Amino acid sequence: MHPTLVKRGAEADIYLTEWGGKKAISKVRTPKQYRHQALDATIRKHRTMAEASFMSAAKSAGVMTPFVHFVDLVDAEIIMEFIEGDSVRDALTPELCYEMGCYAAMLHASNIIHGDLTTSNFIKNKKLVLLDFGLSYYSERTEDVATDIRLIKEVFTSAHIAVRKTFPNFVEGYASIAGKKRTDKILENVKEIEQRGRYARVT
Amino acid sequence: MLCLGIESTAHTFGCSMVNSKGSVLSDVRDIYKAPEGEGIHPREASRHHMEISSIVLQQSLQSAGVSMKDVDIIGYSAGPGLGPCLRVGAVVARTVAGFYKKPLVPVNHALGHLELGTVLTGASDPLVLLVSGGHTMTLAFSHGRWRVFGETLDITVGQLLDQFGRALGFASPCGGRIEQLAIQSAGKYLQLPYVIKGNDVSFSGLLTAAIKLTEKFYTPDVCYSLQETAFAMLAEAVERALSFSGKREMMIVGGVAANRRLAKILEASCSRHGTKLFVCPLKFAGDNGSQIAWTALQEYQDSKTHVRVEDSFIKQSWRLDTVDVSWRR
């Protein structure tokens with residue numbers, strides 16, 4: 001099967017291809033002409049490496065991710081398992097928000113910061129599957145955990161403004177894994193980050 | 001309907017006349033120039049605004065060929081911005097509105113950038129990159145407000161350029177001089193921190209690192225590397241927003257929109273997604289009275305919103321995503 005372009009993402013092209021006779025996804029971080037070559041090469045290599053290793057690390061944390069078949073650091077390509085299903089972005093429900101909260105808490109319990117926790121990076125299969133670990137890193141700091149949570153909160157209040165009251169469901173899911181005390185502490189930190197935002201403090 | 005718009009959030013004091021078709025009849029402004037190596041001192045800038053205000057207003061009326069009697073409403077920038085500067089604009093607006101008995105409309109300055117940008121470029125439903133000394137944000141309109149998709153977590157790209165320029169001994173605004181210096185570089189890239197957090201960016205570490213590099217390396221190379229890094233970060237933030245929102249149009253507004261290199265980089269990232277790029281005309285990229293007048297006009301025409309002189313206000317902190325935009329559907 002010849003690889004066909006499925007989606008042109010922000011930083012990578014997604015192709016549908018084949019691996020060992022099964023449908024697979026090839027994610028290629030193609031060079032960006034507008035970026036200086038040295039900067040571009042560093043970013044592409046680093047993110048490909050991070051993505052491949054965190055996809056596996058997340059599995060041990062209890063989070064479903066696609067299986068990695070093959071990694072090519074020179075061309076910044078990852079071939080991974082094809083996951084059937086829709087992006088949560090287009091079919092957001094309170095139940096899915098709860099599940100996403102659980103996933104975030106499980107990652108954080110293993111000190112994994114996802115770095116790009118948005119609804120478009122979740123796929124609804126039989127279970128929820130999380131993608132896009134290019135910006136992931138390890139950290140124990142509450143501040144970094146809060147940065148992750150703040151991002152998805154921002155997505156809920158900007159892109160998903162029509163689906164009201166979804167963030168509390170996410171928090172509920174998160175607290176079911178992390179515990180209320182820890183969740184409150186993180187939310188406190190999220191508020192602090194928001195207050196740091198430009199023109200957020202009313203004088 | 002004719003609107004007088006008064007702008008005074010930072011270094012610019014401007015008065016403009018705009019009619020309900022969105023035609024700018026006059027746009028007069030006077031910019032406070034900081035001494036070499038210094039930024040905008042709020043007290044000094046407000047003193048400049050005070051001294052220049054009546055002349056700017058007069059010139060604006062004259063070049064539009066109108067008198068105060070012809071003006072139907074008065075808009076003023078109420079925030080966000082520097083308190084002392086905002087106060088000057090507000091005082092001028094209150095005085096004129098009180099004396100001539102005209103409705104007074106407070107305007108969010110950032111909203112002004114977006115609204116004027118859309119009418120001038122003809123973009124209908126764009127993803128917006130607002131880049132200036134006060135803002136660095138990606139925005140899209142949804143459910144009655146401009147929603148923030150991503151933004152800077154610390155300083156703005158305008159501040160990055162200004163503070164870096166000041167360290168080199170330039171006077172704010174420094175973006176133009178940095179762009180000129182960068183062109184002199186042979187394209188030698190010095191490594192600098194590239195920070196993307198989800199849809200957000202952070203520039204403070206980049207600023208510190210770039211200033212440090214100036215001690216050892218050729219200044220044009222540092223300027224070049226600073227621009228390349230910062231603008232690549234903005235381009236990635238834009239691409240993320242485009243890919244998520246699926247918008248077919250993209251618009252860039254704010255003072256930093258005047259940078260040609262940034263426009264070129266964004267052109268490349270937009271073409272990757274088949275998105276049409278609209279760049280706010282150079283003359284209206286930076287702060288001006290027209291953005292205030294046009295926004296006030298739309299708000300007043302849609303809902304007759306205005307404030308009494310005694311209830312008029314300024315807000316130094318006034319986030320764009322807290323403003324209801326009733327006229328845009």
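Which residues in helix 4 of chain B meet which residues in helix 6 of chain B? Leu160(B), Gln163(B), Phe164(B) and Ala167(B) in helix 4 meet Leu206(B), Leu207(B), Ala210(B) and Ile211(B) in helix 6. Contact here requires C-beta atoms, placed from the backbone, within 7 Å. By class, this contact has seven nonpolar, one polar and no charged residues. Nonpolar covers Ala, Val, Leu, Ile, Met, Phe, Trp, Tyr, Cys and Pro; charged covers Asp, Glu, Lys and Arg; the others, Gly among them, are polar.

The model is predicted: local features need pLDDT of at least 70, side-chain atom pairs count only at pLDDT 80 or more, and totals for chains, interfaces and linings use all residues. Residues are numbered from 1 along each chain as its sequence is written, while chains are lettered from A and ligands numbered from 1 in the order in which they are written.

Chain B has 10 helices and 12 strands. These are DSSP runs numbered from the N terminus (helices H or I, at least four residues; strands E, at least two). The C-alpha trace of chain B spans about 60 × 45 × 30 Å along its principal axes. Buried residues make up 57% of its 329 residues. A residue is buried with 20 or more other C-beta atoms within 10 Å of its own, exposed with 12 or fewer, and partly exposed in between; C-beta atoms are placed from the backbone. Among chain B contacts between residues at least 6 apart in sequence, 78% join residues at least 24 apart.

The axes of helix 4 (residues 157-167) and helix 6 (residues 204-213) of chain B come within 10 Å and cross at roughly 25 degrees. Helix 4 and helix 6 of chain B are therefore roughly parallel (angles under 35 degrees; over 145 is roughly antiparallel, 65 to 115 roughly perpendicular, the rest oblique).

Two cis peptide bonds follow. One runs from Gly79(B) to Pro80(B), with omega near -5 degrees. Pro80(B) lies in the loop between strand 4 (73-79) and helix 2 (83-100) of chain B. Another joins Ser172(B) and Pro173(B), with omega about -10 degrees. Pro173(B) sits in the loop between helix 4 and helix 5 (175-184) of chain B.

Phi of Ala76(A) is near 55 degrees. Ala76(A) is in the loop between strand 4 (68-72) and strand 5 (77-81) of chain A. Ala76(A) is buried, with 25 other C-beta atoms within 10 Å. Phi of Lys304(B) is near 55 degrees. Lys304(B) follows helix 10 (289-303) of chain B. Lys304(B) counts as exposed, with 10 C-beta neighbours inside 10 Å.

Conventions
Axes fitted to C-alpha atoms, helices over the stretch in contact; angles between N-to-C directions. Contact = placed C-beta atoms within 7 Å.
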